[in-house]
Amino acid sequence: MPKAAIASLLLVVALLGAWLWWNEPDADNAPPPVVPTASTTSPVVAAEPTAASSQAPSERLVVEAGTGDPAADAAVVPVRVLIAATSQPLPDAEVFWHDASFDESQLTDTERALQKVEPELLLRRRGRVLRADGDGRAELRLGTPATVIARQGELYAVAAWRGPSSLVTAGPFAGELVLALVPDRVLTVRTVAPDGQPLAGITVELQWTVRDARGGLDRNRRNLGPTGADGLTRLAHAQELFGGRHLVVAAQVRAWLTGGTGEPVEFDPKALPTAPVDVVVPPFGSLLVSLLTSDGAPWRTPQRGGPEVILSWDSWEAGMLQSAHDSSYCDGNGEARFPHVLVGSRLELLVTAGWAVFRAIEAPQRHGDHVHVPLRLPDDCSFLAGRIVAEDGSAVVAVRLVLEVVGGTGRVTLELLCDDSGRFLVPVPDWIGRKPRITFHAHPSPAAGRREAAVMLRADLLPGRNELGTVVLTPPPILVAGRVVIVSGDAAPRPAVGLEIDRRMPGEPPSWQAADDLRVVLDAELRFEVRGHARDERFRLRVVGAVAPVPPIEFAPGTDDLRIELVAGG
């Protein structure tokens, strides 16, 4: 397959993955029984109640609703900490947790790095830690899904919470989320120069081979690092990778550079070395790619997520020719840096930013060489420029911004980061046509809802700078709004109830599809408001959490007083 085709495919897959990540629906939970009844003030026609489930929910698993945050389906989960070797409870162990209510958007670069290598240290900073009692018990209020970590001294365990199905079903710890602690193992690697001096900032590639149940071999790889000032990088909790059910038959580490790798160093994955594994780094230089506008000036842009500079190369792995790549995003001056490029490697450069530039370049030829590659953008490249503000006129700089341009022979979706005044500058491909449809979407948080703006060009899209002026982001129109009312005859905790939206497109077969891009968030009073555009679709709401089948509730777009009355119990 031609290199350009491969690069285009990589770009499409990356954009699709980002879209799926943003629109990924929440995992289902199993709420307590709720039986619907008819309401005299509601257009809802409720189903007749049927017999309640024969399996009552755990008394210790209290599910709540109406939080109005991403962890709206949070539950109080009983946790038990054990010693794996003896199955005995372990008192006073530290228990950490991470779920959808943990706001990662405000993490610093240091905290993001910490999250990758030792997440419990970050969770301790954020106060998400408590100690188990004398019987190894703890209770956590968790959204779904969640990760729970327990440790005491050199013992460690991690467990995933996916709802009540994650609880032990039999034995002395039935109804609890069990964490069985085992000795924690760490793999330490040190990158050194040929003279033995430690080298910082180097990525280490870890490879391990697993034998499957049928006797086949599966090779895996993972990058560690970059190494610190002492040349060290560590793989924490290595037993999660090499121990337990995994039959690892071989493992090795080697320096990973742009353009190739160093000589591998093998080690025993079942008996990890206690001293650092020294990896010699081959000779390398550095490379700088500078993007220039068609008139030769530096291209300065606050855009995030592009332009991306990708360097690719071929290498022989296990007797097969394989392609590898490294990438770097340009800074505000249009510069992308590659600090560790293998001497003498053969590189091909690809720049993606709604358009693509592809060419072969020369790597450094001696250790310590620096190569500068100025890259002038195509003369026919078109840019969109403007300023984005909120309804009150303030600049929009701290939210996720997505630009969608549709026209010509397709569409392009790019993520933006405006400067402090809200200004942006972004290129668009030539195949988008002269009169594209331009839409901006802002995503402050799932609970706060989206903001958007549609923009029409004042003239045809031309090469060079196309000024859009000031773009004001406003909420989409109300699709449906209302309130859920739960009638309960006792003082028991209010059971959980959720709403989901389906849509039916005109001209399709007579079936409904989940509208994953439309999320219903219930506030503390079980009120909800969903905003979005309705063209020719039909919409309906589904009640989640009822024992009896609940008829879907079809509504007219723009309904703002829908009342859904339910009765707890069954």
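V189 stands opposite T233 in strand 14, where strands are DSSP runs (E, at least two residues) numbered from the N terminus. Strand 11 (residues 187–192) and strand 14 pair in the antiparallel sense over four bridges; two strands count as paired if DSSP finds at least two bridges between them. This is a predicted model, so to speak: local features need pLDDT of at least 70, side-chain atom pairs count only at pLDDT 80 or more, and totals for chains, interfaces and linings use all residues. Residues are numbered from 1 along each chain as its sequence is written, and side-chain values use heavy atoms, with hydrogens and water left out.

- Three strands make up an open sheet with mixed pairing, in the order 14-11-18.
- Strand 14 (232–235) and strand 18 (277–280) sit at the edges with a single partner strand each, so one side of each has no neighbour in the sheet.
- On average, neighbouring strands here are turned by 30° against each other, direction ignored; the axes behind that angle are lines fitted to C-alpha atoms.

**Strand 19 and its partners**
- Eight of the nine residues of strand 19 are buried, so the rest of the structure largely encloses this strand. Buried means under 20% relative accessible area, exposed over 50%, and partly exposed in between (1.4 Å probe, protein chains only).
- Strand 19 (residues 284–292) runs parallel to strand 25, and seven bridges join the two.
- On that side, L291 stands opposite L375, and S290 stands opposite P374.
- With strand 22 (residues 335–342), strand 19 runs antiparallel, joined by six bridges. Here G285 stands opposite V341.

- E308 lies in strand 20 (residues 308–317), and at 17% relative accessibility it counts as buried.
- The E308 side chain makes a polar contact with the side chain of S327 at 3.1 Å. Such a contact is a pair of N or O atoms within 3.5 Å; within protein, one must be able to donate a hydrogen and the other to accept it, and residues adjacent in sequence count only if both atoms are side-chain atoms.
- L217 lies in strand 13 (residues 217–224) and, at 56% relative accessibility, counts as exposed.

Technical notes. Axes are lines fitted to C-alpha atoms, for helices over the stretch in contact, and angles run from 0 to 180 degrees between N-to-C directions.
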